[in-house]
Amino acid sequence: MAPQIFTATIGAGVQAHALAKRLIIEAGGVSYEDRDEFWPDGVQDPHRAIAEVDAIVWIYRPHLGAVVLGMTDYNYLYSDSVMQFAVRSKKPILHYTIRGDTETLAPSVMRRIARRHYVQSLAELELHLRDDLHDLMKGQVPFYDPDAPTIFLSYTHSDKPFARQLKTDLLLAGARVWIDEAEIGVGDSLIEKIAQGIDQTDFFAIILSPESVSSPWVKKELEIAMKLQIDGKPIKIMPLLHKSCSLPVFLEGLKYADFSKDYNQAFRELLKPLDLVGITDF
């Protein structure tokens, strides 16, 4: 079955939208807009569109001042929420910024999207989009940049709400996140999957609380990470203080991010060694 592709244009105009639709069809895809999902001034529900399609083409042109939006354009005021939803979907995103009359910083997560281009004209857009759609049809467009940092979250059950919030914010910042509830399936060996997960990540983040420092599973995960370090694997251990507690003796010499006092400040500190910037910083 031909993949369905949703095209979102933000300030890019009718020509850019028509170009994307034509190239999608030429590449063998199906343009979501052909489903008669439009009001006169745009798509009825972009969140629903993203949920139903296989991939997203996102074309953006920054403007100064007020902008007259065409029927193919989304309003700048809520385009960020739509993009965040697209990012959370983990579907392939082809992202293009057309040179406009101002320069704006895109959300940090866009720096980690595997296919992202800054183009000077519609002609240049066509060249990149045609090549990217060709690769998309062959299944060669991952969601994340393969060089994006991977972080393993070690936590205990009572800290799960915090771990989930951290996972979401890290994904939006452009990281790849290993968390047990997403990676371990029914029938899997817990210790085997955890050991594989830690071995395949760049950063081991241990969420510290009175409950986690006494958890046998968290202790075992930390032991695995430390053994990998001793064996020469370049994995960095990152203590994250969620609730005030006594630090394990082998973590006392490491700087920790203190989430117990100021989540946003601690999150910014966490992102520095990952070479990322949080989406809320723009």
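Me: Which residues point one way from β1, and which the other way?
Reply: Gln4, Phe6, Ala8 and Ile10 point one way, while Ile5, Thr7 and Thr9 point the other way. All are buried. Buried means under 20% relative accessible area, exposed means over 50%, and partly exposed is in between (1.4 Å probe, protein chains only). Strands (E, at least two residues) and helices (H or I, at least four) are DSSP runs, numbered from the N terminus.

Me: Before we go on, what kind of model is this?
Reply: This is a predicted model, where local features need pLDDT of at least 70 and side-chain atom pairs count only at pLDDT 80 or more, while totals for chains, interfaces and linings use all residues. Residues are numbered from 1 along each chain as its sequence is written, and side-chain values use heavy atoms, with hydrogens and water left out.

Me: Back to β1. Why is it largely enclosed?
Reply: Seven of its seven residues are buried, so β1 is largely enclosed by the rest of the structure.

Me: What is the strand order in the open sheet with β1?
Reply: The order is β2-β1-β5-β6-β7, five strands with parallel pairing. Two strands pair if DSSP finds at least two bridges between them. The edge strands are β2 (30-31) and β7 (115-119), and each pairs on one side only.

Me: How many bridges join β1 to β2?
Reply: Two, and the strands run parallel. Gln4 stands opposite Val30 in β2. On to β5: β1 pairs with β5 over six bridges, in the parallel sense. There, Thr7 stands opposite Val57.

Me: Which strands does α1 lie across?
Reply: Helix α1 (residues 13-26) lies across β1 (4-10), β2, β5 (55-60) and β6, running at about 165° to β1. Axes are lines fitted to C-alpha atoms, for helices over the stretch in contact, and angles run from 0 to 180 degrees between N-to-C directions. Contact means heavy atoms within 4.5 Å. Helix α4 (residues 122-137) lies across β1, β5, β6 and β7, at about 175° to β6.

Me: Is the β1, α1 and β2 unit right-handed or left-handed?
Reply: Right-handed, as a β-α-β unit. That is, with the strands pointing away from the viewer, the path from the first strand over the helix to the second runs clockwise. β8, α5 and β9 also make a right-handed β-α-β unit.

Me: So what order do the strands take in the sheet with β8?
Reply: β9-β8-β10-β11-β12, an open sheet of five with parallel pairing. The edge strands are β9 (176-178) and β12 (257-258). β8 pairs with β10 over four bridges, and Phe152 stands opposite Phe204 there. β8 pairs with β9 over three bridges, with Thr150 opposite Arg176. α5 lies across β8, β9, β10 and β11, at about 175° to β8.

Me: New topic. In the largest nonpolar core, which residues touch the most other members?
Reply: Ile151, Leu166, Leu170, Phe259, Phe267 and Leu270, out of 25 residues. A nonpolar core is a set of buried Ala, Val, Leu, Ile, Met, Phe, Trp, Tyr and Cys residues joined through side-chain atoms within 4.5 Å. The elements giving two or more residues to this core are β8 (150-154), α5 (160-173), β10 (203-208), β11 (236-241) and α9 (263-274). Apart from it lies another core, of 19 residues, among them Ala16, Leu23, Leu125 and Leu129.

Me: What does Ile151 touch?
Reply: Leaving out residues up to four places away in sequence, the contacts of Ile151 include Leu170, Trp178, Phe203, Met238 and Leu270.

Me: Now charges. How many salt bridges does the count come to?
Reply: Eleven. A salt bridge is a side-chain nitrogen of Lys or Arg within 4 Å of a carboxyl oxygen of Asp or Glu.

Me: Which side chains meet at 3.3 Å, N to O?
Reply: Arg22 and Glu126. Arg22 lies in helix α1 and Glu126 in helix α4, so the pair ties together parts that are 104 residues apart in sequence. Arg22 also meets Glu26 in a salt bridge, at 3.1 Å. Arg22 counts as partly exposed at 36% relative accessibility, and Glu26 as partly exposed at 47%.

Me: And Glu269, what does its side chain meet?
Reply: Lys255, in a salt bridge at 3.6 Å, N to O. Glu269 lies in helix α9 and Lys255 in the loop between β11 and β12. Lys255 is exposed, at 69%.
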